[in-house]
Structure formats: structure tokens, C-alpha cells
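My entries follow in the order I made them.

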Amino acid sequence: MGSDNTGANFGIRAGGNIGNISNIKDSFKSSGPAAPHPNARTGGDSGAASGRSGEQTPPVDIAVLTVLSPEMQAMTEVFQRATDYRRPAPSDQRRVHQATFTTPYGRLNAVLMQTMDRNQRSAATAYAFLRQVHRPRLVALVGIAGGISERVDVGDVVIADQVIYYDERREAANITYRRGEATAVPARMSLSLSDLFSTRGEPFVLPSVETRTFFKVVRGPIGSGGAVITDEASDIRAYLQSFHEKCLAVETEAGGLVQAFREDLDTSADAVSWVVVRGVSDHADAAKGHRDHDLAARHAGVAFESLLPFLGHSPT
């Protein structure tokens, strides 16, 4: 997961040490002008409300983070299908998309942005920006991952019920002691996911947006750390499956999001939850490549849309 030379978002930079999320919120610096997203349709601009120079804007219900360009393109399509989509204005250096989603139960105000890089630190920094400026009550990380379980195939989608951070370890002579840490989704999100899966089935299926087939949406643990895994015999894969035998997928940003949420010392009650939605693009083995990134990202976007009616709504 991450940005590339053709689709990187250079809207935010963080200075200093990302040791504590409380110290990041005032460290943003603009980095020059940015063009609108190439997929943005003609319509309203969000520049006046996108938080230029770090000023606060009215709180939103959901903030969506993506990393890779295919992920951003897929989620831009989702936002364009909303009732009220506002593309980033040319003056919006952070390229924040905005939309209002209408569900059978009410309206959800949402923003969408891309992290600068494909790692835990960049995810944490993006979270801090969103919390400072847009104050969402839910932050969703939506994109792709590598499947490490027979329960998921390429194109299926995993909604995480916990994130297992595997990078902490002690290196000793001839042995490595890993110190994995599992963090379950907050209680409100756990209830929303239970509502989703009890209503739709577990797993449930959705029609593919690219093929004449269906894909599964499943719930379970995912692993997160700094390694891009391309070996079926990887000791990280083995560790994750020994830590939790139902671990479904592995990726490289969710641990940063979870830690940022955990260390957010803002005492206001508006930050209440997070969720990670990952389309499976490969099996984290030697065949790993970019071929199915678009498919997996778009399926993750469709699964995210299916979750919206179960998230609670704005009073207006």
C-alpha cells in the first residue's frame, strides 16, 4: 500500500519525531500547489472547506484514508456516486474530497484523502491531520492487502475485527522473539460489524464491479507491519497464523492508524471509532504483483459502501 510517482499525494508533510500522536497535530506544512484529482467529475469544489493552513472545519461523520493510487481512484468513484460530491479545489493542497452519503436511515458527511507514503508513519500522520481539521467520528482505512488464509481469494474483501501488529521483537543469538500486539476494533464498530454481518450473512457476497462474478466479504483479524511479504514460507506469515489461526490478510498501514487512534489524547468525544476494509489483491507469495490491484481496490470500495447504513448518522 502506498503512493507512486504518478499518483502520489504531496498535500501534507510532518516534521519532527512521530513518537506520540499528540505532538504531530501542529506539525503540518503545505508543500506547494496541487491539481485536482484526475478522476474528479465536474461539480462543486471543496477548497473553502478543506482546512487550508490547518484551520478546523465542521466535524464530519467519516474520514476515509487510502494509500495506493488504485485505492484512491476506487474510493473517488465511490464518493462520486454519493448524493453530493465535492472535488478538491485547485487551491486545496491536501486534495481532500468531500461527499454526503444518503442511506435509508439518514445522511453521512464524509471526506477522503490519500496518505503521502505507504507505511505506518504516514498513516499515523494522515490520521492526525484529519483529526485536527475534520474531526471525524470514524476513520476508515480502505484499500488492498495480501491474503494469507485459505478462507479468502483474490478479489474477496476482509473487514478487520482486530489488527495484529507484528513488528515489535527482540533479536537474540540464533532466535527472534516477536512481541505481537492485537487491537480489537472499538466497541461501537464491533456492534456495527455485527449488525452488518447478521443482516447480510457471514460471509456475504456482492457483485463484482469488473467481472460477471461475485466476491465474498468476510470479517476477521489482519496483520500489519513494515514488511511487504512475497514468500509463502515467510516467518511473518507463520508467526501471524500462530498468533491467531484465523488471521486472514497482511498489509502495511493499519498498525499506524490503530496506534494513532490509541494515542490521541484529545478529550473530546468526537473520535469514537476506526475500521479497516481490505480487498485481497494477491496471496502474499512469489506471484505477488500489481495485476489485481484495481480489482481488489474497487471491491473494497463496494464493501465500504455496504457498511455505510450500519454506521449511525448525522442528526440532519
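**Loop residues and backbone**

I began with Asn-174, which is exposed because its relative accessible area is 84%; exposed means over 50%, buried under 20%, and partly exposed in between, with a 1.4 Å probe and protein chains only. Asn-174 sits in the loop between β10 (169-172) and β11 (175-178). I looked up its phi: near 65 degrees, positive although Asn-174 is not a glycine.

Arg-95 also has a positive phi, about 55 degrees, without being a glycine. I placed Arg-95 in the loop between β5 (84-87) and β6 (97-103). Its relative accessible area is 22%, so Arg-95 is partly exposed.

Next I checked the peptide bond from Glu-202 to Pro-203. This bond is cis, with omega near -5 degrees. Pro-203 belongs to the loop between α3 and β13 (204-207).

**Ground rules**

I note that the model is predicted: local features need pLDDT of at least 70, side-chain atom pairs count only at pLDDT 80 or more, and totals for chains, interfaces and linings use all residues. Residues are numbered from 1 along each chain as its sequence is written, and side-chain values use heavy atoms, with hydrogens and water left out.

**Whole chain**

I found 6 helices and 16 strands in the chain. Here helices (H or I, at least four residues) and strands (E, at least two) are DSSP runs numbered from the N terminus. Of the 316 residues, 55% are buried. The chain exposes about 13800 Å², and carbon and sulfur atoms supply 48% of that area; the areas come from the Shrake-Rupley method with a 1.4 Å probe, and for residues only the protein chains shown count as cover.

I then turned to contacts (heavy atoms within 4.5 Å). Among contacts with a separation of 6 or more, 78% join residues 24 or more positions apart.

**α2 against α5**

How do α2 and α5 cross, and at what angle? The axes of α2 (residues 120-133) and α5 (residues 254-263) come within 7 Å and cross at roughly 40 degrees. That makes α2 oblique to α5; angles under 35 degrees count as roughly parallel, over 145 as roughly antiparallel, 65 to 115 as roughly perpendicular, and the rest as oblique. Axes are lines fitted to C-alpha atoms, for helices over the stretch in contact, and angles run from 0 to 180 degrees between N-to-C directions.

From α2, the contact takes Gln-120, Ala-123, Ala-124 and Tyr-127; α5 brings Ala-254, Gly-255, Gly-256, Leu-257, Ala-260 and Phe-261. I sorted the residues of this contact into 7 nonpolar, 3 polar and no charged. Ala, Val, Leu, Ile, Met, Phe, Trp, Tyr, Cys and Pro count as nonpolar, Asp, Glu, Lys and Arg as charged, and the others, Gly among them, as polar.

**α1 against α6**

Helix α1 (residues 69-80) packs on α6 at about 35 degrees, with the axes 8 Å apart. Residues of α1 in this contact include Pro-70 and Met-75, and those of α6 include His-293 and Phe-304. By class, I have 6 nonpolar, 2 polar and 5 charged residues.

**Two helix residues**

Ala-300 lies in α6 (residues 293-307). Its relative accessibility is 0%, so Ala-300 counts as buried. Beyond four places in sequence, Ala-300 contacts Val-142, Gly-143, Val-157, Val-277, Arg-278 and Gly-279. Ile-144 is 156 residues from Ala-300 in sequence, yet 7.3 Å away, C-alpha to C-alpha.

Arg-188 is in α3 (residues 187-200). At 58% relative accessibility, Arg-188 counts as exposed.
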